[in-house]
Amino acid sequence: MRFVWASVTRLLHAHAGISGPLVPEAPLPRNIESIGIGTEAYALVRSGRIRPKKSVIQRFRGGKTLELADGELLDADVVIFATGFTQAAPFLEEIDPSPDRA
């Protein structure tokens, strides 16, 4: 199964043309929600109109300027807070995935 997901991951990366900081750190299916950006965003990255940067924001310095944790100052039109949020529904009953359940 890992081989199948690794193949799907490679195909998605190739199809959308994603690389660098846009590639999820964990393989699919764990980060399946990480590919939710439309393919037009990837085209803008390839053209250079969007320059993705994966980092930690130290502070907003005013205007469009951000200070990153490594001290780099960056002017940004848009900041996407990709926090790694995972939805949970503890009020739903767990289902045993084993094939021999009654």
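The structure is a predicted model, in which local features need pLDDT of at least 70 and side-chain atom pairs count only at pLDDT 80 or more, while totals for chains, interfaces and linings use all residues. Residues are numbered from 1 along each chain as its sequence is written, and side-chain values use heavy atoms, with hydrogens and water left out.

The chain contains two helices and three strands; helices (H or I, at least four residues) and strands (E, at least two) are DSSP runs, numbered from the N terminus. Along the sequence, these elements follow the pattern α-α-β-β-β. The confidence of the predictor in each residue is given as pLDDT, from 0 to 100. The mean pLDDT of the chain is 76, and 66% of its residues reach 70 or more. Among the elements, the lowest mean pLDDT (74) belongs to helix α1 (residues 2–16), and the highest (94) to β2.

Of the 102 residues in the chain, 16% are buried, where buried means under 20% relative accessible area, exposed over 50%, and partly exposed in between (1.4 Å probe, protein chains only). A contact means heavy atoms within 4.5 Å. Among contacts between residues at least 6 apart in sequence, 19% join residues at least 24 apart.

The three strands form an open sheet in the order β1-β2-β3, with antiparallel pairing; two strands pair if DSSP finds at least two bridges between them. Strands β1 and β3 stand at the edges with a single partner strand each, so one side of each is left without a neighbour in the sheet. On average, neighbouring strands of this sheet are turned by 30 degrees against each other, direction ignored. For this angle, axes are lines fitted to C-alpha atoms (for helices over the stretch in contact), and angles run from 0 to 180 degrees between N-to-C directions.

Strand β1 (residues 57–62) is joined to strand β2 (residues 65–68) by four bridges. Ile57 stands opposite Leu68, and Gly62 stands opposite Thr65. Two residues lie between β1 and β2 in their hairpin, and Gly63 in the turn has a positive phi of about 60 degrees. Strand β2 also pairs with strand β3 (residues 73–75), in the antiparallel sense, over three bridges. In β3, Leu74 is the bridge partner of Leu66, and Asp75 is that of Thr65. The hairpin of β2 and β3 has four residues between the strands, with Gly71 in the turn at a positive phi of about 95 degrees.

Glu67 lies in strand β2. This residue is buried, with a relative accessible area of 12%. Not counting residues up to four places away in sequence, Glu67 touches Ile57, Gln58, Arg59, Arg61, Glu72 and Leu73. The side chains of Glu67 and Arg61 are joined by a polar contact of 2.8 Å. A polar contact is a pair of N or O atoms within 3.5 Å; within protein, one must be able to donate a hydrogen and the other to accept it, and residues adjacent in sequence count only if both atoms are side-chain atoms.
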